[in-house]
Amino acid sequence: MADVDRVRILVVGDSGVGKSSLVHLICHDEPLTKSSWTVGCSVDVKLYESSAQKASCSKTFCIELWEIGGFSGHANSRSMFYQPTHGLILVHDLTNWKSYINLNKWLTEVTQGGSNGGLEAISSGSEQDQVGGDHFPILIVGTKHDQVGGVASSQRRSALTEKTGADSIFVDCLNGRQFSPGSTHRPQLYSFFDKVIESRYNQRNASSLDRRRVSAVQR
């Protein structure tokens with residue numbers, strides 16, 4: 001495990017939308033049988049073989065999924081979990097339209113709010129150019145897809161996905177095969193992971209270049 005690089009992905013959304021169930025399904029390929037409210041933050045991990053162009057061939061990464069509790073009473077304290085991070089999963093409940101509308105608030109809170117003034121990954125340049133792109137990849141996940149029709153769920157693919165440039169998928173977290181080999185969602189999830197890994201490499205290379213420039217100036 002000493003040679004395994006780590007990337008951190010935040011998982012945010014309103015309370016009760018199914019973040020814990022989603023994270024468990026991604027990491028363990030099986031439904032979560034007993035769920036409870038997340039207070040503060042809960043972390044789970046998944047080992048992932050990356051095909052990102054800037055990663056070493058067949059390099060294994062430890063994907064850390066930091067699920068942030070959605071209870072509104074903790075809004076002032078949860079920013080401590082927001083840095084450093086390399087990607088974002090926004091989760092909403094397909095049976096609860098308000099949970100989708102509130103994703104705009106979550107996006108603003110994560111990228112701009114908190115005492116740190118927003119994420120380091122988008123601290124320079126325009127937010128529109130960087131959020132959801134190569135600098136800060138985003139995946140939007142709608143849960144409880146088994147409880148809604150195709151027409152109702154398709155209405156969620158709207159302004160937010162266009163604003164962020166994010167991919168959007170709808171899942172049933174009670175179905176353990178949602179991200180199994182051959183499933184529709186597996187390539188989308190893994191493509192997101194690769195974007196997050198490339199984003200981290202870009203940040204690392206930029207930091208290394210800055211350090212070399214400072215060293216050259218000091219000489």
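**Entry 1: K144.** I looked up K144 and found that it is partly exposed, with a relative accessible area of 26%. I use these classes with a 1.4 Å probe on protein chains only: buried is under 20% relative accessible area, exposed is over 50%, and partly exposed lies in between. K144 has a positive phi of about 60 degrees although it is not a glycine. I located K144 in the loop between strand 5 and helix 5 (150–154). Here helices (H or I, at least four residues) and strands (E, at least two) are DSSP runs, numbered from the N terminus.

**Entry 2: Basis of the notes.** I note that the model is predicted, that local features need pLDDT of at least 70 and side-chain atom pairs pLDDT 80 or more, and that totals for chains, interfaces and linings use all residues. Residues are numbered from 1 along each chain as its sequence is written, and side-chain values use heavy atoms, with hydrogens and water left out.

**Entry 3: D29.** I then turned to D29, which lies in the loop between helix 1 and strand 2. The phi of D29 is near 55 degrees, a positive value in a residue other than glycine. At 37% relative accessibility, D29 counts as partly exposed.

**Entry 4: A cis bond.** I recorded a cis peptide bond between Q83 and P84, with omega at about -10 degrees. P84 belongs to the loop between strand 3 and strand 4.

**Entry 5: Overall plan.** I listed seven helices and six strands in the protein. Along the sequence the pattern reads β-α-β-β-β-α-α-α-β-α-α-β-α. Of the 219 residues, 47% count as buried.

Entry 6: In what order do the six strands of the open sheet stand? I read the order as 2-3-1-4-5-6, with mixed pairing; two strands pair if DSSP finds at least two bridges between them. Strand 2 (41–49) and strand 6 (167–170) are at the edges with a single partner strand each, so one side of each has no neighbour in the sheet. Neighbouring strands are turned by 25 degrees against each other on average, direction ignored. Axes are lines fitted to C-alpha atoms, for helices over the stretch in contact, and angles run from 0 to 180 degrees between N-to-C directions. I also checked strand 1 (residues 5–12) and strand 4 (residues 87–93), which run parallel and are joined by four bridges. V12 has L90 as its bridge partner in strand 4.

**Entry 7: Helices on the sheet.** Helix 1 (residues 19–28) lies across strands 1, 2, 3, 4 and 5, and runs at about 170 degrees to strand 3. Contact means heavy atoms within 4.5 Å. Nine of the 10 residues of helix 1 are buried, so this helix is largely enclosed by the rest of the structure. Among the buried residues I noted K19, L22 and I26. Helix 3 (residues 103–112) lies across strand 1, strand 4 and strand 5, at about 155 degrees to strand 4.

**Entry 8: The largest pocket.** I found about 400 Å³ of space in the largest pocket. On a 1 Å grid over the protein atoms alone, a pocket is an open set of points where a 1.4 Å probe fits, with protein on both sides within 12 Å along at least five of seven lines, and lining residues have an atom within 4 Å of a point. The volume is the space filled by probe spheres set on the points, which are joined across faces, edges and corners. Of the 26 lining residues, G16, V17, G18, K19 and S35 are the closest to the centre of the pocket. Helix 1 gives the most to the lining, with three residues.
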